[in-house]
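Please find below a short note on the structure under discussion.

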Amino acid sequence: MNKYKKLAMNTMIFAVGNFGSKILVILLTRLYSSNINPADSSTKELLEITANFLLPIFTFSMSEAIIRYGLDKKYKKAEVFTTAMCLNLIGLALMFITAPILKLIPFLDFIDGYTILLLVYVCTSAIRSMCSQFVRAKGYVKLYSFDGILATLTLFIFNIVFISKLHWGVKGFMLAVIFSDLCSSLFLFGFANLRRYFYIKYYNRRLARSMMRFALPLIPTVIMWVITGFSDRLFIRYMHSDVVTLGEDAAGIYGYASKIPNLISMISTIFFQAWNMSAIMENDSKDRSSFYEKIYGAYESILFIASALLIAFVKIISPLFVTAKNFKEYDDVYIYTPVLVIAVLFMCLDQFLSSIYTSTKHTKNSFWTSFAASVANIILNYFLIPVWGIQGASISTFLSYYLCFWARIIDARYYIPFRFNAFRSIINTTALIIMCVMIVKTPVFYGLWTFLLLAMVLFINYNSLMLTVKKLLRK
């Protein structure tokens, strides 16, 4: 099977595995908005982000290293899994030792009453991530995809029990995630027979040093992306303004507005799971530049088309995600969604370009580009949120991801050169921005203008997409 067919096959398998789980996630979003008020929703979002902040620090980003080294035929699978898991467990032990420091940080007051749950949440998420990534590195893509469905199904069931039936709110949400991750880890450990890959005698010090050198630059990279989302919510929650309404409720609304663009992220995640494997395995191939060019062209076109469709129909799609039946504050969530759709689009493109740094082991560049984006996000949040409120946070997020995109599209192509149509990208982006203005401001004939802009994006990218598809089909 050639590289193109293998990528397409893996993408289809991941799509089948992710489709059902993503539908359940939509239902979960409605369940949360029906049972958790905006203020508590803000706390829930911040706890999730805090967990995502702690994960790379205390696991040393070993989940990234395990897929990179696990796919490399130069390393023994048992040594990779055992070494990564041992480093992971050491990091988690350090987390429990240093946990009291979290209570000393003023703006982390929302973790009061949830500290133990938060630490257990991080542990179960870390173990599940290690198991699932190693299963993917072993090439068990069908098992990996099935686990995705199983994990989401158990998460859905636990949420119904803890939130809808027992009304435990934020606590119920955290317990649902913990039990779901635990079930997933046990399932993968058993069905993939991971026990035979985990023995202390397989621990390799030289490999551990190599994996740490690879993974350490990724820790601040992941943290920077988390900070980008974290700072938005903290600024909205704690800043004061005489112009717009801020606070816990506003932070909760922003959290739900960011859920809808996850449809774009869903497309990206499905593809990236397959693409990341191909990028690593084809790193030494002679035609890798051509491979990147064709795949990037199709990927970019799909994202722009999907984003344009989501923005155009956001008023129809929004109620499917968020219900205002019990909390009327959720009525205006759709207003803040369009700009976040573009932000997520460029986050996805940033992720694609990060695969170049991963496959060529230039992870330091991934750090510097994400660092620039995070600094820009914090500065923009400081100035825009007091003036434009929730919309200011959306614009800040978009601009920071857009900055990272241009930094990476210039830098990453030094390591794997491939042609990129900058003019088409700018035209597409401009069209989406104007569509956002139409939806938010609703000027006269805004529906007509939105339709015409949507048609333009479809026309520009359909031709490019079909050209790439035809080339791939001839392979």
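This is a predicted model: local features need pLDDT of at least 70, side-chain atom pairs count only at pLDDT 80 or more; totals for chains, interfaces and linings use all residues.

1. Helix H2 (residues 38–59) and helix H7 (residues 169–191) have axes that come within 9 Å and cross at roughly 30 degrees. Angles under 35 degrees count as roughly parallel, and H2 and H7 are therefore described as roughly parallel to each other. The crossing of H2 and H7 is right-handed.

2. As to the residues involved, H2 contributes Asp40, Lys44, Leu47 and Glu48 to the contact, and H7 contributes Val170, Phe173 and Met174. Sorted by class, the contact of H2 with H7 comprises four nonpolar and three charged residues, with no polar ones.

3. Helix H7 also holds Ser184. Ser184 has a relative accessibility of 1% and therefore counts as buried, the cut-off being under 20%. A polar contact of 2.7 Å joins the side chain of Ser184 to the side chain of Asp147. When neighbours within four places in sequence are left aside, Ser184 is in contact with Arg128, Asp147 and Ala151.

4. Leu246 lies in the loop between helix H9 (218–238) and helix H10 (248–257). Is Leu246 buried or exposed? With a relative accessible area of 18%, Leu246 is buried, since buried means under 20%.

5. Neighbours within four places in sequence aside, Leu246 is in contact with Ile236, Met239, His240, Ser241, Ile385 and Gly389.

Note on methods. Residues are numbered from 1 along each chain as its sequence is written. Side-chain values use heavy atoms; hydrogens and water are left out. Helices (H or I, at least four residues) and strands (E, at least two) are DSSP runs, numbered from the N terminus. Buried means under 20% relative accessible area, exposed over 50%, partly exposed in between (1.4 Å probe, protein chains only). Contact means heavy atoms within 4.5 Å. Axes are lines fitted to C-alpha atoms, for helices over the stretch in contact, and angles run from 0 to 180 degrees between N-to-C directions. Angles under 35 degrees count as roughly parallel, over 145 as roughly antiparallel, 65 to 115 as roughly perpendicular and the rest as oblique. A crossing is left-handed if the near helix is turned anticlockwise from the far one by less than a right angle, and right-handed if clockwise. Ala, Val, Leu, Ile, Met, Phe, Trp, Tyr, Cys and Pro count as nonpolar, Asp, Glu, Lys and Arg as charged, and the others, Gly among them, as polar. A polar contact is a pair of N or O atoms within 3.5 Å; within protein, one must be able to donate a hydrogen and the other to accept it, and residues adjacent in sequence count only if both atoms are side-chain atoms.
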